[in-house]
Protein chains: 2
Amino acid sequence: MYAFTYHNPVRILFGKGMIAKMAPHIPAGARVLLTYGGGSIKTNGVYEQVSAALKERSVLEFGGIEPNPRYETLMQAVELARREKIDFLLAVGGGSVLDGSKFISAAVPYRHADPWELLSKHAKIKTAIPLAAVLTLPATGSEMNSVAVISRESTRQKLAFGSPLLFPLFSVLDPETTLSLSPRQTANGVVDAYAHVLEQYLTFPNQAALQERQAEAILLTLLQEGPRVMAVPESYEHRANIMWCATQALNGVIGCGVPQDWATHGIGHELTALHGLDHAQTLAVVFPALLRHQRVQKMEKLIQYGARIWGLEESESSVEQAIDKTEAFFRSLGVKTRLHEYGIDDRDFHSIGRILEERDGRIGERKDIGAAEVEAILRLCA
Amino acid sequence: MYAFTYHNPVRILFGKGMIAKMAPHIPAGARVLLTYGGGSIKTNGVYEQVSAALKERSVLEFGGIEPNPRYETLMQAVELARREKIDFLLAVGGGSVLDGSKFISAAVPYRHADPWELLSKHAKIKTAIPLAAVLTLPATGSEMNSVAVISRESTRQKLAFGSPLLFPLFSVLDPETTLSLSPRQTANGVVDAYAHVLEQYLTFPNQAALQERQAEAILLTLLQEGPRVMAVPESYEHRANIMWCATQALNGVIGCGVPQDWATHGIGHELTALHGLDHAQTLAVVFPALLRHQRVQKMEKLIQYGARIWGLEESESSVEQAIDKTEAFFRSLGVKTRLHEYGIDDRDFHSIGRILEERDGRIGERKDIGAAEVEAILRLCA
């Protein structure tokens, strides 16, 4: 096991009715900016619950943060927050609203230059506006971590950044707020959480026995609860299990002291930036292909994955079957796993590889995935 | 799943060499009291590493905190800390030193009355001296939680207390510091961690699918790594896995939103208070007996435990075997599981039951264990 540091100060308020209990955790006298997305919170009862909880507070609103939140949109919120001297952000929505709000949080005090530098140059974040979240779409884990991914329309970029200053002060996770999610949103969330675990698990063994079991715990739960929540979307209990899985998948615990991959996310972000695929769709497409391409390097963990997750024989001959079953699981949720099913041909495969290697160098847990390998992986996604 | 709140702000510095990296996390100008136990840190190199890390700091020392730390001893440290205007505690040792230091932390500012009230009356803790830990004996989980158990020699009591103010600011977990632990200390730690998981797992199902899997992850890892660390005590990797298991067993994660038992701990504390057994010895004795006594109430989870942990058939007929295997696991580590093996007869069984019910009422996850049931459980431990 590698040496590591772990610190996650996010307070979680989980369960039915918890929105009503969040107000004491917002500083007295705060000037709050409530951020949200396309407006579904105004039709599903969440907005009313949040408004009731904040009734004694000074609150402004900024709506319209889109999926794959855009720099261009978020800078409007930054200007509003600066003008109105906002000193607390309450993000109400899914991972995009949360990630977008993390950008606003860091960008508002970043006045001496273009806040895009926070992403493009990984400029150091020295101060940020405190933020909290009411999560309504379990998927990204943003509610209990300190990173965010932001897109820029004008340059077709999708980049990540992070800082310990961007941990939410608290996050409310009420599974009832997720009962009205569409099948597509629900399935995407399951795939996203599953992929987050795989990125931290399907690498090479380093004797981190507990972290492996903890990762497997989330995978097994998603495999059990994913189909159930698709079949019975009105079930509070299944929604609750999925919600907690998504948080635990990317709050740092299973990543303690282990090698991590994240190449699938890197490639996937480019597919979203260029072709507008949902984030989870890109993961469902790229992960099986990446595992096939990297099967030799990942052999030991793939064998373990096949045995412990899929009940397969503990041998190399089971590995292709484990990958096939993974792809079939994504498809069973209704998420397509091949690029041609999304109408995408091979014309950008070469340039995606070049863009990634130029920006990030070689990626993957062994740093052995460069431009040529990305292109080869994309061909396996076709 | 029940609604819950979760907040654990402890910073973990895990791995070889991490003691040297802790100083920046201690406030500048702090007047530090270094607390420790019987002095093993002065022979195993830990004291030198801590001293080197603190070389620029103002540090006093208080040694001699015993296993099952005593109020009488700790009050001497409280007086020293008050006299010397200590404003930071650094506990270096195992769970007893950490728990004792939590008491010192809360007792120093509790000046208007006897700090024993913090335990006997659960007096509210409004302020506490910040503390941090260098853990040298993985077992209790105290390094990443906010509770402590303190004994009082004069009254033969062993009581628990806690407060969010008692989370360590940081805890250093360097598995190298545990390489010199005796077989008895090592085995006790494994049993303690295993029992902490069982207290939060072997209750009744409430559809907390992930938490169950997370608990099982720790049990499976302890079953794998426990025998290995006993066989190869000089192995950094096995020590590291055991250390991280013990922390994760009682940092709140697996207890989120689930019923909890803790009757075994309650009964065990009385056996320690009256007869001086090691804490883990009491757990190894009481847990199998308690499971046998409560097998009907715990049936569903016992069947799951038998199947998922011991690979038994998923049926009621496997339950006794699952309990037998649990007891055999404790014995395989060298921890005896019957009271007569510790020279304890049945004379206190009746009074232990009475003391517990008078103080805590009926205990267990269903509050169905009173004086008579405690006595019956103790008879099964004979």
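A nonpolar core here is a set of buried Ala, Val, Leu, Ile, Met, Phe, Trp, Tyr and Cys residues joined through C-beta atoms within 7 Å. Keep that in mind for the first view; everything below comes from a predicted model.

**View 1. The largest nonpolar core and A:Val191.** This core runs to 248 residues. Within it, A:Val191 and B:Val191 are the residues with the most contacts. Leaving aside residues up to four places away in sequence, A:Val191 touches A:Ala280, A:Leu283 and A:Ala284, and also A:Phe330, A:Leu333 and A:Val335.

**View 2. Where chain B meets chain A.** Each chain puts in 35 residues: 35 from chain B and 35 from chain A. On the chain B side, β1 (4–6), β2 (11–14), α6 (209–231) and α7 (236–249) each supply at least two residues. The top contributor there is α6(B), with 11 residues. By type, that side of chain B splits into 18 nonpolar, 11 polar and 6 charged residues.

**View 3. A strand pair across the two chains.** Strand β1 (residues 4–6) of chain A lines up with β2(B) in the antiparallel sense, over 3 bridges. Look for A:Thr5, which sits opposite B:Leu13 in β2(B).

**View 4. A:His122, with a positive phi.** A:His122 isn't a glycine, yet its phi is positive, at about 50°. Find it in the loop between α4 (117–120) and β6 (131–135) of chain A. A:His122 counts as partly exposed because it has 13 C-beta neighbours inside 10 Å.

**View 5. A:Arg156, another non-glycine with a positive phi.** Here phi is about 55°. A:Arg156 lies in the loop that links β7 (147–152) and β8 (157–162) of chain A. With 13 C-beta neighbours inside 10 Å, A:Arg156 is therefore classed as partly exposed.

Technical notes. Residues numbered from 1 in each chain as written. Chains lettered and ligands numbered in written order. Predicted model: local features only at pLDDT ≥ 70, side-chain atom pairs only at ≥ 80, totals over all residues. Contact = placed C-beta atoms within 7 Å. Helix = DSSP H or I, 4+ residues; strand = E, 2+ residues; numbered from the N terminus. Nonpolar A, V, L, I, M, F, W, Y, C, P; charged D, E, K, R; others polar. Pairing = 2+ DSSP bridges. Buried ≥ 20, exposed ≤ 12 C-beta atoms within 10 Å, placed from the backbone.
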